[in-house]
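Here's a quick tour of a ligand site and the helix beside it in the text that follows. Have the viewer open as you read.

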Amino acid sequence: MGILDRSPATTRPDAVGREDDPRPPVVRLDGVSHEYQLAGGRFRSGPARSLQALRDVSIDIRSGTVVGVEGPSGSGKSTLLHAVAGLLVPTTGTVSLLGIELSELGDRRRAQVRRRHVGIVFQGFHLLPSLSARANVALPLVGEGVGRATRRKRATELLEAVGLGDRTTHLPGELSGGERQRVAIARALVTDPDVIVADEPTGELDSKTGAKVLELLTSLGEQRVVLLASHDAATLSVADRRITLHDGQVVERDR
Ligand code: ADP
Ligand code: MG
């Protein structure tokens, strides 16, 4: 069993992804709307301004599903992914991960749930430039009670699994775009998360490198939930389900 596979204890292949699976969906959004508060107008006394980024989004996602989130720029894709990852609490509605309702938690506990259950591949990678590829991958384990030797071992294994076994001591600036993206994916996986959110994961890659990154993400989706935001048709074609957003609203969906 490879490092990217999950232990049978966490996934039951017989039930994974099935409609009659008695477990709660891995991800559930129920009536989620989000309004960003904008800084006051020209005069502080002016009316408060806000921007509605999500409108009444409801969705259940079971394990073993890659969901493609599509829509034009500004349609709310990143906001949706951030809500799933617990990086923002929507103005109304609820987001639950594995039956845990994030909106009911305080900041600390929500961050803890995120660290345990969610891997995030940010748009533009967000790697720390002064740390080696291996140290970047190991970073989410710091402060989680995992010893240094174990952190290094796991980070090395993951880099090997994404094809970067010979780049462990390279700095991000010494890697190509595709390699940096694979480091970011390895980092998202280091805690063995149930959910991976990837925002425009192929946005900065050429099509061949992008295809490799997608192959990696889809293989991960066999035992997890992967949410993939993109406006690129080739990227979205790997998804098992699709959600199309327009102005923060779901205008089309599979299943
Ligand atoms: P997408 O990822 O589909 O391009 P986003 O979720 O980033 O869309 O943005 C949805 C809408 O919310 C856009 O109109 C954007 O300008 C606005 N928005 C995003 N982030 C913020 C923020 N931090 N503050 C205010 N408005 C924001
Ligand atoms: Mg975005």
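Which atom of Gly76 lies 3.1 Å from an oxygen atom of ligand 1? A backbone N or O atom of Gly76 does.

## Ground rules

This is a predicted model, where local features need pLDDT of at least 70, side-chain atom pairs count only at pLDDT 80 or more, and totals for chains, interfaces and linings use all residues. Residues are numbered from 1 along each chain as its sequence is written, chains are lettered from A and ligands numbered from 1 in written order, and side-chain values use heavy atoms, with hydrogens and water left out.

## Around ligand 1

Thr79 also reaches the ligand: one of its polar side-chain atoms sits 2.5 Å from an oxygen atom of ligand 1. For Ser75, a polar backbone atom is 3.2 Å from an oxygen atom of ligand 1. On its own, ligand 1 has 560 Å² of accessible area (Shrake-Rupley method, 1.4 Å probe), and the protein covers 63% of that.

The shell (residues with a heavy atom within 4 Å) includes Tyr36, Leu38, Leu51, Ala53, Pro72 and Lys77. H1 gives the most to this shell, with three residues.

## Helix H1

Helices here are DSSP runs (H or I, at least four residues). In H1 (residues 77-84), six of the eight residues are buried, so the helix is largely enclosed by the rest of the structure. Buried means under 20% relative accessible area (1.4 Å probe, protein chains only). Those residues are Lys77, Thr79, Leu80, Leu81, Ala83 and Val84.

Just after H1, Gly86 takes a positive phi of about 75 degrees.

Terms used:
Buried < 20%, exposed > 50% of the residue type's maximum accessible area, 1.4 Å probe, protein only. Helix = DSSP H or I, 4+ residues; strand = E, 2+ residues; numbered from the N terminus. Polar contact = N/O pair within 3.5 Å; in protein donor to acceptor, adjacent residues only side chain to side chain.
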